[in-house]
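Trainee: I have the model open and would like to go through it with you. Where do we begin?

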Amino acid sequence: MATLLRAALRPLRPPLGRRGPAADVPLRGARHGAGLLYPEHIPTSPLQKMLLAAGSAGMALYNPYRHDMVAVLGETTGLLALKVLRDQMKRDPEGAQILQERPRILLSTLDLDKLRSLPEGSLGQEYLRFLDVNRVSPDTRAPTRFVDDEELAYVIQRYREVHDVLHTLLGMPTNMLGEIVVKWFEAVQTGLPMCLLGALFGPIRLRAQSLQVLVSELIPWAVQSGRRAPCTLNLYYEQRWEQPLRALREELGITEPPVLIRALA
């Protein structure tokens with residue numbers, strides 16, 4: 001178990017501007033050594049998954065910014081939800097294409113110059129603006145390790161890599177309040193226990209004013225948006241960068257957030 005915990009705590013991908021060797025490796029069905037289904041795979045028993053889930057849940061609750069622990073929690077508790085998401089993707093033409101082609105959202109796959117040249121208000125330009133304003137990189141998402149199914153491993157990796165696109169769609173910053181709102185949307189959309197845990201327990205760290213706005217306005221909006229929108233994992237964002245963000249929101253039934261929250265959290 002100590003070995004598993006050390007593996008879970010290994011550093012994530014390099015920061016903006018530096019790419020590690022795993023960044024360009026797609027999740028595919030080839031074997032990578034005895035019992036390994038993909039490059040970063042660590043096979044675990046049900047008991048080991050339970051212990052990892054308990055430990056990562058405690059760490060994630062203590063420090064919500066421990067994204068490595070949030071990732072472990074998602075992988076060790078999300079099997080049933082991931083199967084449902086995978087089946088939803090297979091039934092949708094765009095989602096099935098994603099499962100077949102396995103696109104990745106990484107610095108090595110993004111054409112940043114092209115995104116910058118897109119029209120004002122396009123999804124691609126707004127996504128790039130989100131990355132710049134919030135000083136985040138798509139390469140900081142943890143690689144999947146503890147999912148014992150190669151296809152489901154890709155599904156949760158895709159979920160992580162489109163997380164910042166959801167921030168862009170919802171107009172949410174990366175402060176605590178913004179992250180909680182996105183977690184409510186994701187909980188409704190994905191059914192992942194990790195999302196529900198973050199949505200329910202994240203608010204305990206908010207100030208009274210932010211908590212009041214969250215409960216009275218932002219949670220109802222996020223839940224309604226999550227229920228109204230089709231599965232956002234079925235969107236091939238890489239083929240939609242030129243689409244106006246406003247048009248995509250209308251397609252998904254996502255309205256503007258009821259309040260501007262950057263100064264609240």
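**Surface, pairs and core**

Mentor: Begin with isoleucine 204, which counts as exposed because its relative accessible area is 63%. Keep in mind that this is a predicted model.

Trainee: Where is isoleucine 204 found?

Mentor: Isoleucine 204 sits in the loop between H11 and helix H12 (208-228). It belongs to a nonpolar surface patch together with Leu61, Leu196, Leu200 and Phe201. The five residues have about 470 Å² of accessible area together.

Trainee: Which helix gives the largest share of the nonpolar patch?

Mentor: That is helix H11, residues 193-201, with 3 residues of the patch.

Trainee: Back up a bit. How many helices and strands are there in the protein?

Mentor: There are 13 helices and 0 strands. Read along the sequence, the pattern is α-α-α-α-α-α-α-α-α-α-α-α-α.

Trainee: And what share of the residues count as buried?

Mentor: Of the 265 residues, 53% count as buried. The protein exposes about 12,500 Å², and 58% of that comes from carbon and sulfur atoms. For contacts between residues at least 6 apart in sequence, 74% join residues at least 24 apart.

Trainee: What is the average pLDDT of the protein?

Mentor: The average is 88, and 85% of the residues score at least 70. Over residues 11-25 the pLDDT is below 50, though this stretch has 29 contacts in the model beyond near neighbours in sequence. Where pLDDT is low, the predicted coordinates should not be read in detail.

Trainee: On to charges. How many salt bridges does the structure hold?

Mentor: The structure holds 17. In one of them, lysine 49 pairs with aspartate 148, with the closest N and O atoms 2.5 Å apart. Lysine 49 is in helix H2 (residues 46-62) and aspartate 148 is in the loop between helix H7 (123-134) and helix H8 (150-161), so the pair ties together parts 99 residues apart in sequence.

Trainee: Is lysine 49 buried or exposed?

Mentor: Lysine 49 is buried, because its relative accessible area is 15% and the limit for buried is under 20%. Aspartate 148 has 38%, so this residue is partly exposed.

Trainee: Which residue does glutamate 150 form a salt bridge with?

Mentor: Glutamate 150 pairs with arginine 102, and the closest N and O atoms are 2.5 Å apart. Glutamate 150 is in helix H8, while arginine 102 is in the loop between helix H5 (93-101) and helix H6 (112-117).

Trainee: Which side chain does glutamate 120 meet in a salt bridge?

Mentor: The side chain of arginine 129, at 3.1 Å from N to O. Glutamate 120 is exposed, because its relative accessible area is 63%. Arginine 129 has a relative accessibility of 33%, so arginine 129 counts as partly exposed. There is also a network: Arg86, Asp87, Lys90 and Glu151 are joined by salt bridges that share partners.

Trainee: Now the inside. Which residues of the largest nonpolar core touch the most other members?

Mentor: Leu82, Leu214, Leu233, Tyr237 and Trp241, in a core of 71 residues. Helix H10 (residues 176-190) supplies the largest share of this core, 8 residues.

Trainee: What does leucine 214 touch?

Mentor: Setting aside residues up to four places away in sequence, leucine 214 touches Leu177, Ile180, Val181, Pro203, Leu206, Ile219 and Pro220.

Trainee: Why is helix H9 described as largely enclosed?

Mentor: Because 8 of the 8 residues of H9 (residues 163-170) are buried. Among them are His163, Asp164 and His167. The buried residues of H9 pack against H7, H8, H10, H12 and helix H13 (245-252).

Trainee: What comes just after H9?

Mentor: Glycine 171, with a positive phi of about 70°.

Trainee: Last one: is asparagine 234 buried or exposed?

Mentor: Asparagine 234 counts as buried because its relative accessibility is 9%. Its place is in the loop between H12 and H13. Leaving aside neighbours within four places in sequence, asparagine 234 contacts Gln88, Met89, Asp92, Glu94, Gly95 and Ile98.

Methods
Residues are numbered from 1 along each chain as its sequence is written. This is a predicted model: local features need pLDDT of at least 70, side-chain atom pairs count only at pLDDT 80 or more; totals for chains, interfaces and linings use all residues. Side-chain values use heavy atoms; hydrogens and water are left out. pLDDT is the predictor's confidence in each residue, from 0 to 100. Contact means heavy atoms within 4.5 Å. Patches are made of residues with over 30% relative accessible area and no salt bridge: like charges are joined within 9 Å, nonpolar side chains (Val, Leu, Ile, Met, Phe, Trp, Tyr) within 5 Å. Accessible areas come from the Shrake-Rupley method with a 1.4 Å probe; for residues, only the protein chains shown count as cover. A salt bridge is a side-chain nitrogen of Lys or Arg within 4 Å of a carboxyl oxygen of Asp or Glu. Helices (H or I, at least four residues) and strands (E, at least two) are DSSP runs, numbered from the N terminus. Buried means under 20% relative accessible area, exposed over 50%, partly exposed in between (1.4 Å probe, protein chains only). A nonpolar core is a set of buried Ala, Val, Leu, Ile, Met, Phe, Trp, Tyr and Cys residues joined through side-chain atoms within 4.5 Å.
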